[in-house]
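Student: Hi! Could you walk me through this structure?
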Amino acid sequence: MRPVRGVHFHNSQPLFVSGGDDYKIKVWNYKMHRCLFPLLGHLDYIRTVQFIMRAHGFLPRSDVRVWDIGSLKRKAGPPADDILRLSQMNTDLFGGVDAVVKYVLEDTKAWEVDTLRGHTNNVSCVMFHAKQDIIVSNSEDKSIRVWDATKRTGIQTFRREHDRFWILATHPEMNLLAAGHDSGMIVFKLERERPAFAVSDVDGGSYELYCISKDGMKDSFSRGDMQDPKKGLGGSAVFVARNRFAVLDKSSNQQRIVLGDLQTPFIKYVVWSNDMESVALLSKHAIVIASKKLVHQCTLHETIRVKSGAWDDNGIFIYTTLNHIKYCLPNGDSGIIKTLDVPIYITKVVGKHIFCLGRDGKNKAITIDATEYVFKLSLLKKRYDHAMIAYLQQKGFPEVALHFVKDERIRFNLAIESGNIQIAVASATAIDEKDHWYRLGVEALRQGNAGIVDGDWPLLRVMRGIFDGGFNNTDRDADDEEYEAADGDWGEELDMVDVDGLQNGDVVAILDDGEVAEEGDEEGGWELEDLELPPEVDTPKVSIWIQRSSLAADHAAAGNFDTAMRLLNRQLGIRNFTPLRSMFLDLYSGSHSYLRAFSSAPVVSLAVERGWTDSSSPNVRGPPALPFKLSQLDEKLKAGYKSTTAGKFTDALRTFVNILHTIPLIVVESRREVDDVKELIIIVKEYVLGLQMELKRREIKDNPARQQELAAYFTHCNLQTPHLRLALLNAMTVCYKAKNLATAADFARRLLETNPSIENQAKTARQVLAAAERNMTDATQLNYDFRNPFVICGATYVPIYRGQKDVSCPYCTSRFVPSQEGQLCTVCDLSVIGVDASGLLVLLPRFVDQSAGSPAVNDNFCFRSTFNS
């Protein structure tokens, strides 16, 4: 027996071809379990063989020969014979008493089409290119040769001095090849992929000048009055004025003057700025920025090749590498704007849009976020404009932005966001509008600063409406918000002096002069006696809980449900508080204890602090004891996982939704736990979305295509690996039964990539994949493209592919199509889609010693407090 060195299966017919040391190629039918015929003619060992899937032929690897087996045909048979049942797969492949011949060959002839000659030693490997009609071969003669598959001629030859080549591989999609040799491996391209979009520096050439009417070229052509162009010789032409242009003619003996010189690496491309004041010189791994007189400004080095670049309107150079879009400031600072899947070549940058060419030569437009580099440019030029302020506000530093703003409305918004009441009061006074007074009052009361509300009459007038109207009555007119207590029985009336128009100092002066005394009194002054008053009562603990806390849980525990709802609305955009009603009551009751000294005595309510012990200082006020803890949510998460694994999707969905409803009302004590909470939101919302789609799929009875789509979308939720396997198995089964074999094969491949520990799952996936490879088609077209990355709309359950617009929930971050903006989030059932919110706040405030007169400091606002002081 001679060893077999190469085997290759046909992609559609039950054939495989083999080659070995007997110099023979044999074509086999694995269902008939026999060799159909040998192919002779090679004079050396046959190392590998390969079918040519685009034609009826294959290539052996000895000397390069192409064999035509196009006469091998499959007899027509009933469609049922084309699909093997999975249970018979192994029997058909490896023999058995019930083996059935599925294919009969009408002809068993094959012949050599052509021989490509040129190698001087054994040919080690041959490959067809994935996209071009070329053949690539390598040999022990230390060369790689490229052949024209249609003309049967050699195109290129690559040689290596000391290494023999043994193996080749071509990338299925990209213009890349790999070759293995004695010392290692090389990866190379056959040609450059950079598309041509400009031509310059050529010998000879000519120009043509066209005169176009103001009506436009189209109208000129339609009327037939286009004038003949003026022509001339030159390599390139450029307008230098409205009615002048310059032509470069290298053929003439013109005197050249050197305007400037600059030491640089080897320059491949030169890119001028729009105002022609700056130039970017691009080499292989560096960018040199210089002025128009070649005065060096900066040099930027890259570890991978620089592909292209262009200047934007702000004078910032935007360039691309193999996998990034980057920017370069005039001082050399750089950064990443966007990550690329495939390389692009920039042609123009306008605002936030980059116009470019792909390797296929097609035009593309990419929208980028220019906030970061425009902000840095503003700092560099000391130009404190709206772009810089917007960047600071976006990154969470409104208190820093306050230093650079003079517009009162912007100052007010930044002051409210940063909690700076003093600046907010000054700006509200200058603006003097009801809406601004109202917002100021909400922030002041949130901080426990009631003095601001009591001392400023416009603010007091507006703020009365908050407590009169409740959470949903904030739009009442100022006249309706006034207290109507004129007719109330409030005891005896006081005779007050008319002091309209007097300042406080004038009133004091009147009192000092005794002008308010009765005329008949001979003795002036006030006869005041000391009163025996009880000692001052300590500030209630529930008031201390909310004085400096921005946590909704603290306000709910203190019984201030109204301010708790306002905080959640501001921080997370929550509008539907019905699911939180019972939790608010649990927070309040869980942070209080009730005692009765005697049967006839009233019940005494005691506020319960977290972590209190007998050794605790009586002057230290701790936070409220809350019934909801992060550890409890972790246990609920495990219970949700368990229900999901058991297929109890309704119970699992109820558990995960409860976690989403509880998270806004928990409090954690460290930054690490804050990160854990944010990660928990992402995990839970993925399961909620996936389970909602699966339950929706089970409700659908008369729409098989929609059932397959929902099952497919479920597999793109970020699930734990065991649950992802079950989702893939479910989607694979649904699609296979619906005869969508290509889609089912994709799910089978993804399932096998997870290395399933349950053998039955892996076995079923392999069987489906093998059956699908015989007929890689889909019977039903689905709105599903696994090759194009996407997220799923949480309301309509349709894919939102990369590049399409979407809106998100400010709390759970679920994504939605733009038409859902302003609607209630269907995932968390709490927040409004697309509204602005400041973000989740769950970090425990620090409560300090009250005996020293120091206010409680919220760790969430420690930077703000330092700034205000």
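The chat below goes through a few local features.

Tutor: Happy to! This is a predicted model, where local features need pLDDT of at least 70, side-chain atom pairs count only at pLDDT 80 or more, and totals for chains, interfaces and linings use all residues. Residues are numbered from 1 along each chain as its sequence is written, and side-chain values use heavy atoms, with hydrogens and water left out.

Student: Which residues of helix 6 are buried?

Tutor: Helix 6 covers residues 408-418, and its buried residues include Phe 412, Leu 414 and Ile 416. Buried means under 20% relative accessible area (1.4 Å probe, protein chains only). Helices are DSSP runs of H or I with at least four residues, strands are E runs of at least two, and both are numbered from the N terminus.

Student: What follows helix 6?

Tutor: Gly 419, with a positive phi near 80°.

Student: New topic: how do strand 11 and strand 12 pair?

Tutor: Strand 11 (residues 143-148) and strand 12 (residues 153-159) are antiparallel, with six bridges. Two strands count as paired if DSSP finds at least two bridges between them. Trp 147 sits opposite Gly 154 of strand 12.

Student: And how many residues lie between the strands in that hairpin?

Tutor: Four, and Arg 152 takes a positive phi near 60° in this hairpin.

Student: What about the sheet with the order 28-29-30?

Tutor: That is an open sheet of three strands with antiparallel pairing. Strand 28 (345-350) and strand 30 (363-367) are its edge strands, each pairing on one side only.

Student: How many bridges join strand 28 to strand 29?

Tutor: Five, with strand 29 spanning residues 353-357. Lys 348 stands opposite Phe 355 in strand 29.

Note on methods
Buried means under 20% relative accessible area, exposed over 50%, partly exposed in between (1.4 Å probe, protein chains only).
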